Structures are given as structure tokens and as C-alpha cells.
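Okay, thanks for coming, everyone.

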Amino acid sequence: MQIRINREHVIGIVCIGIGTLVLILTRNFPTGQGYVKLTGPAFFPNVLSIILILAGIAEVVNGIILRTSLSPVAVLGIGEQLKTPGTQTLLIIIALMVLYVLFMKPIGFFPTSFLFLFLLMWRLKVRWWKSALFSIVLLGVLYGVFVRLFYVNLPAGLLG
Amino acid sequence: MQALNSIFAMNIIVPWILAMFLGIFVGGIPGLTATMAVALIVPLTYHMVPIAGLAMIIGVSFTSIFAGDIPATFLRIPGTPASGAAVLDGYELTKRGQGYLAITLDLVCSALGGVIGILILIFVSPVLAGFALQFTHYEYFWLGVLGLSMSAVISRTSKLKGVISIALGVLISTIGIDITTGYPRFAFGKPVLMGGIGFIPAMIGLFGVSEVFRSILSSTDLSLSVITTKGRVKFGEVMGHVGRNLRLIVQSSVVGSVIGALPGAGADVAAWVAYGTAKKSSKTPEEFGTGSIEGVIAPTSANNAALGGSWVPALVFGIPGDTITAIVLGAMLMYGLKPGPLIFENERFLVDQIFSVGLVSQVFLLVIGFLGIKAYSWIFRFPRNVVYAGILIFSMVGSFAMRSSLFDVWLVLGFGVLGYVMEKVEIPLVPLILGIILGPMIEANLRIGLIKTDGRFMPFLGRPISFTLFLILAGLFLWEPLTALVRMVRRKR
């Protein structure tokens, strides 16, 4: 049997989850005596987490009431969604960004930036030679703005 | 006069003009907003004197709002949300071969709308600042909550989702050392988290990176050279239209300024309301939507005037009028400035410089905007995906450059994904960013107020201004359900 839940259910459950997590984390925060309790470090996050939990419950109820008018999200069909070309491109871009941040310091700003830009544009269907050309031009602009104009120390990495 | 002269120093005027060119470029690319242009500029202003940074922000906001009208007029694709109303009549005029007339008229009216918006800012804000001096912690608490609530109420999706976005934003603002007790909240012993979540990486991620993600997924090929540079327009003809429609320009600009001054409502709402108002007051309402000159003038005057209006609550109360001034507030705090009524006393010269920059920007807008119209025939030939790649790397390097912190780059990426997911499930982004900015102010005023009253909340409602603000807040949330209830009761009868 396929479990069908809609968007509002997911939002509601996530909100309740975050709110509960905050309530658990703030249990260890220091509290004072009397009215100081109200103004301690846990007070404000607790108020917000209660608002978030209440809003989450309302969103779940909304999802139940409006079930017929909302497009359902098939939880078990999520694999099919991931197979669409658009989602795959997006995931690859995010992966490229993650790799870029991870390797920027050890390898150096300029080599990683060139590879990032080249692979990104290439994936976005810009022809390879144009990708290489635009990558070099963009790197020149970045160098001019950040290194020459604002004296920012960009990671040198292997070139340092 | 001294303030006016001072803004022409080289260290101010050069980055200011360059920023205005960037605004033309970003604003004219469909899918990229004026907010994003401002977000990209802020990291570059970190090392500058405050007025140079503010001049860049003001300049880029005016040019990007105008530039959004260029693809709206020529391609029927609004460059920014504020140009939504510009597609109606501008594009119809393009179809009739009068595209250049429409966009040049649009440019002149944008500048005039900008001047009127700034004049309203100059005359209204000092008066309001005098009034705001009576505010205490109670009023500032309600004002902050009201500013946040407005953004939830006017969001196009449900109010509930707006509230969720606010709560998440304010929760994020509580990460780091609690300024009242010095206790590190949600830092998990990590020094990078002790300083809190930077507003700039959050904003770049939410408005820059997430928009690129969305645009890449919904991309249609816009790298078409649709515009021809052969268009010509007689300056006298444009000025003739301006002269005949001066009343409409003033009316739309005033409407735009007032809407811009409402917390949460920005240039996009202003443009639509001004369009509707112009249609109602027009002698030829049937021409609207078919290539009406009035239909071009009204929204473009209003969206630029809204920018001036949005600075009123930002400067006077420290409450942003729209997303752009939300970023301005963050930037001002970054420069060590404290927006609020006292800024008119403590930083009077800077305030005069801001006003001067606003007015002079309109003159620059005319020149740079005109060059921008010509340049777009070339820019539209650029593969749009190259522009996206450039924005992604500028977003990441810009946020790194602020504190040389890779953690900030991770934040950009994280907020980019969060922003994309939130937009997918129709949770508005603006309340979240406002929550991050206004959260500390609301918390500080609430807690200081509670300390003063020994933990009692009633004094928060005990003063006339604070009680009025509370009533407005209650009205915001209760008005719609109450009117629906009244309508239901009437129908049953």
C-alpha cells in the first residue's frame, strides 16, 4: 500500500519536530529564581518553539481538512522524482558546491574555482570551450574585485 | 549642502556608479531580483566607509528596479517581481513597434518617481522620528512584532506559513551568545556558532543561491537576441507624454511611497496598486492592457517611489519596509550604525548624505538606465547559464570575503537549499529573513521590559502607543476571519 501524505502534513511534522527539539535542548539552559526565570536564555527560544509546534499542529490539521484540494506527495514515489533531469542537475550543482567549499582551502581558490565554474557551465550545457573561456574571464573579475580592490586573502592552497 | 558635496568624493562616487551598472545587469536578467542585486553588493561594502556602502546599496536598488522593466517591455518577461505590472502595456507598445518609446518613458518616470519617493522620505521621516522618541521598550517590542507580522499577513501564501517562516527566522537569530546573560545558545561548543548566524550569508543564500536553483530548473532559453538596437525615440515625444501625465506620475509616486513605507510591502505591491489606481482614475480605462501610456507610467513611477518610502520605517523605527531595506538594516548594523529615531540626532550628517545620494541617484539612473537599454541588446545574447554560474561563485566568494570564514560559505549553501525548499512548499522567505534581523531587537526589548516590570506582561499594554500597536497587530490577524464570519452569518440570514 502506498502511503500518501500531502505537503501540509510534511511541513507540520517538520515544525513540530524542530519545536520539540528546541524544547529538549533548552532544558539544560540555566534558569534563575522568580521572574528571572522568565528572562533567562531559554525563555525566548521556548516561546518560539511553542509557536512553531502550534503552527505545525495547525498545518497538519489543515492538510487533513484540505486533503482533496492539494496535490499529494507520494512518499514512496520519491525515487521517481529524483530521476527527473531537472532534479538531477540541481543535485549535481549542490554536490559541486559542496566539493568546491571542501577543496577550496587545501587545493587553493583559483584551481578549485576554475574547476567549479567549468564543470558547472558544462553541466548547464554551455559548450566546453565557452565554459573554459567564461571561467577564465570570471576568475579575472573575481581576482580584480576581491584581491586587487578589497585585499581579501583567498586560500592559496597548492599554489601558496 | 555640505552633505551633497561630500558624496562626490572618489571613494564614494566610483563604487556607487559601478554598483548602479551592476543593478542594471542583475535587474534585467529575468528571475534575478533587485533584492538579490543588493544582497550581492553588501559583502563588497564591508571594507568601505558607511556612506560609500549605503550609496552602492541605494544606487543598485534603483537601477535594478528600473532594469526589471527592460525585459518586461521587450520580452514580456519581468526582470524582477516589481516589474510584473510593466509587462501589460509596455509589451503591447513593443508589439506596435513603440518599445523604445515605452522603455524610455519608463526610465524618465522611474527617475521622477524616485525623486518624489526620496522627497517624501526627506520631509516625513524627521517628523516621525520626533514622535518615535517617545517610544520605550514596550513600543519597540510591539513595533518589531508588528513589522514581522505584516510580512506574514501580506505574503501571497497562507498566513500560517508566514508565521512558521517568522518563527524559524527568529529561532535562527537566537543561535549564539545570549547578550543578556552571556550564555551560548545552540552553539554545541563550536566557536563559529558562538557568534551567531551571519545575516549576510543567510540573505545571499535565501535570495541569491535559491533563486539561481529555481531559475536553472525552470529555465527557458532566453539567450535570444530579441531586441534590436535599431529602435529610435524622439526625446521631445517622451517629455510630451511626461508633461501631459504629471498628475498621474505624482499620484502613482505617492501611492508607491505609502505602500513602500508599510513594513513587508515592497515595490512589487506598489506597482500593482498604482496600476489599479491609475486605471480607476483614468478617462480611458479601456485602453489599459492594450498599450496605454498611462499603464506604462503608473507602475514604474510607483515601484521606484516605493524604494524611497521603504526607507521611512527603516531609518525612523529600525523596521524594514521591504526586503531591500531589511538588508540595508543588516548592513547599517554591520557598519556600526544604529537605525532608529536617534540616528537623526546622532548621525544627522550621514542621514543628509543618504538623502543626497537618493536624489543624485535619480540623475545617474537616467544616464546609466539609457546605456542599460542599449546594452541589453548585447547582454541578451549572453548564455543565461553563464550568468547563473557567475552569481553562484560571487555569492560564495563574497560571503567568504567578509570574515575569511568557510563556515559562512557553508551557510550560503545551506540557506540556498533551505530557500529553494521553502519556495517549493510555498513558505515565504521574507518573514524568515526579517525574523533573523528583527529577532534580537524583539527579544532584547521583551526581556528588558519584563525585567523592568518584575516579569509582568500587562505594562506592555499599559501605554497608549503600545496599546494602539497591539490593537493594530490583533486587527491584522483577526480582520479576515471576523469579516468572513460576518459574511457567513449574513448569508445564513
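This is a predicted model: local features need pLDDT of at least 70, side-chain atom pairs count only at pLDDT 80 or more; totals for chains, interfaces and linings use all residues.

We have 58 residues of chain A in contact with 56 residues of chain B. The buried area between chain A and chain B comes to about 5,100 Å², and carbon and sulfur atoms give 87% of that. On the polar side, there are three salt bridges between the two chains, and four residue pairs in polar contact across the interface, both residues at pLDDT 80 or more. Which elements of chain A do the touching? Those giving two or more residues to that side are α1, α2, α4, α5 and α6 of chain A. The largest share is from α4(A), with 13 residues. By residue type, the chain A side splits into 44 nonpolar, ten polar and four charged.

Now let's zoom in on B:Lys161. You'll find this lysine in helix α9 of chain B, residues 159-173. Is B:Lys161 buried or exposed? Its relative accessibility is 5%, so it counts as buried. Leaving out residues up to four places away in sequence, B:Lys161 touches A:Arg7, A:Glu8, A:Ile11 and A:Glu59 from chain A, plus B:Val425, B:Glu426, B:Ile427 and B:Pro428 from chain B.

Several of those neighbours are charge partners. A:Glu8 makes a salt bridge with B:Lys161, at 2.6 Å from N to O. That pair joins two chains, because A:Glu8 sits in helix α1 of chain A and B:Lys161 in helix α9 of chain B. Both A:Glu8 and B:Lys161 are buried. A:Glu59 also forms a salt bridge with B:Lys161, where the closest N and O atoms are 3.3 Å apart. Within chain A, the side chains of A:Arg7 and A:Glu8 pair up too, at 3.3 Å from N to O, and both of these are buried as well.

For a salt bridge elsewhere, take B:Asp352 and B:Arg348, at 2.8 Å from N to O. Both lie in helix α18 of chain B, four residues apart, about one turn of the helix. B:Asp352 is partly exposed at 25% relative accessible area, and B:Arg348 is partly exposed at 34%. Over all chains, the salt-bridge count is eleven.

Next, helix α13 of chain B. With 16 residues, 246-261, at 1.5 Å a residue it should span 22 Å, and its end C-alpha atoms are 22 Å apart, which agrees. Its buried residues include B:Leu248, B:Ile249, B:Gln251 and B:Ser252. The buried residues of α13(B) pack against α7, α12, α14 and α15 of chain B. Take B:Ser252 as an example: it is buried, with a relative accessible area of 1%.

Last bit: backbone angles. Most residues other than glycine have a negative phi. A:Lys125, which is not a glycine, has a positive phi of about 70°. A:Lys125 lies in the loop between α5 and α6 of chain A, and at 76% relative accessibility it counts as exposed. B:Phe188 also has a positive phi, about 50°. B:Phe188 is in the loop between β2 and α10 of chain B, and it is exposed at 58% relative accessibility.

How values were computed:
Residues are numbered from 1 along each chain as its sequence is written. Chains are lettered from A and ligands numbered from 1 in the order in which they are written. Side-chain values use heavy atoms; hydrogens and water are left out. The expected span of a helix is 1.5 Å times one less than its number of residues. Buried means under 20% relative accessible area, exposed over 50%, partly exposed in between (1.4 Å probe, protein chains only). Contact means heavy atoms within 4.5 Å. Buried area is the accessible area (1.4 Å probe) that two parts lose on being put together, summed over both. A salt bridge is a side-chain nitrogen of Lys or Arg within 4 Å of a carboxyl oxygen of Asp or Glu. A polar contact is a pair of N or O atoms within 3.5 Å; within protein, one must be able to donate a hydrogen and the other to accept it, and residues adjacent in sequence count only if both atoms are side-chain atoms. Ala, Val, Leu, Ile, Met, Phe, Trp, Tyr, Cys and Pro count as nonpolar, Asp, Glu, Lys and Arg as charged, and the others, Gly among them, as polar.
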